Amino acid sequence: MERCSLVFFIYTLCTVFASEPSCPVLSRYDYEEKILERVIRNELVLQTTLQSIRETNEKVIAELHALQEEKVKINAVLEIIERKQTYIETYSASTLTNLSKALLEIQERSNRIDNDTIGMIHTS
Ligand SMILES: *[C@@H]1O[C@H](CO)[C@@H](O)[C@H](O)[C@H]1NC(C)=O
Ligand SMILES: *[C@@H]1O[C@H](CO)[C@@H](O)[C@H](O)[C@H]1NC(C)=O
């Protein structure tokens, strides 16, 4: 009974001088409470950081998917451009060939008209 009241006395003293670091029982309790608080605070910060990392990771993956889709679209457009270029080159070459053939034919017909006219003049 006497021991119990002594503990109570020390506890009361410690409560009164709670701010005193010299109070060994309470300051130890205070210290542990502060450490616990810090651990909890750090855990919260860690959780927030992890959540942020997870969100960033998801965003990066989404961006990569979007980039992949863009790449596919760009490749399709590039293929179309390439095909058109090949077609235009072939068509241009063919047109040039046909045009020079047509020009040669016109020249030949023109010469024939000249020859025929000259022949007509000579025979008449
Ligand atoms: C050139 O002439 C060929 C033969 O007549 C024809 O098949 C081809 O389509 C022509 N090219 C163009 C560009 O018109
Ligand atoms: C026209 O006459 C010239 C000279 O007489 C000849 O060289 C040429 O081949 C002739 N052209 C045609 C289309 O008959």
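Visitor: Which residues are around ligand 2?

Guide: Here a residue is near a molecule if its C-beta atom, placed from the backbone, lies within 6 Å of it. For ligand 2 those residues are Glu108, Asn111, Arg112 and Asn115. This is a predicted model, where local features need pLDDT of at least 70, side-chain atom pairs count only at pLDDT 80 or more, and totals for chains, interfaces and linings use all residues. Residues are numbered from 1 along each chain as its sequence is written, while chains are lettered from A and ligands numbered from 1 in the order in which they are written.

Visitor: What classes make up the shell around ligand 2?

Guide: Ala, Val, Leu, Ile, Met, Phe, Trp, Tyr, Cys and Pro count as nonpolar, Asp, Glu, Lys and Arg as charged, and the others, Gly among them, as polar. The shell of ligand 2 has two polar and two charged residues, with no nonpolar ones. Ligand 1 is surrounded by Tyr91, Ser94, Thr95 and Asn98; one is nonpolar, three are polar and none is charged.

Visitor: How many helices and strands are there?

Guide: Both are DSSP runs numbered from the N terminus: helices are H or I with at least four residues, strands E with at least two. The protein has two helices and zero strands.

Visitor: How many residues of α2 are buried?

Guide: Buried means 20 or more other C-beta atoms within 10 Å of a residue's own, with C-beta atoms placed from the backbone. Among the 100 residues of α2, the count is one, so this helix is hardly covered.

Terms used:
A residue is buried if 20 or more other C-beta atoms lie within 10 Å of its own, exposed if 12 or fewer, and partly exposed in between; C-beta atoms are placed from the backbone.
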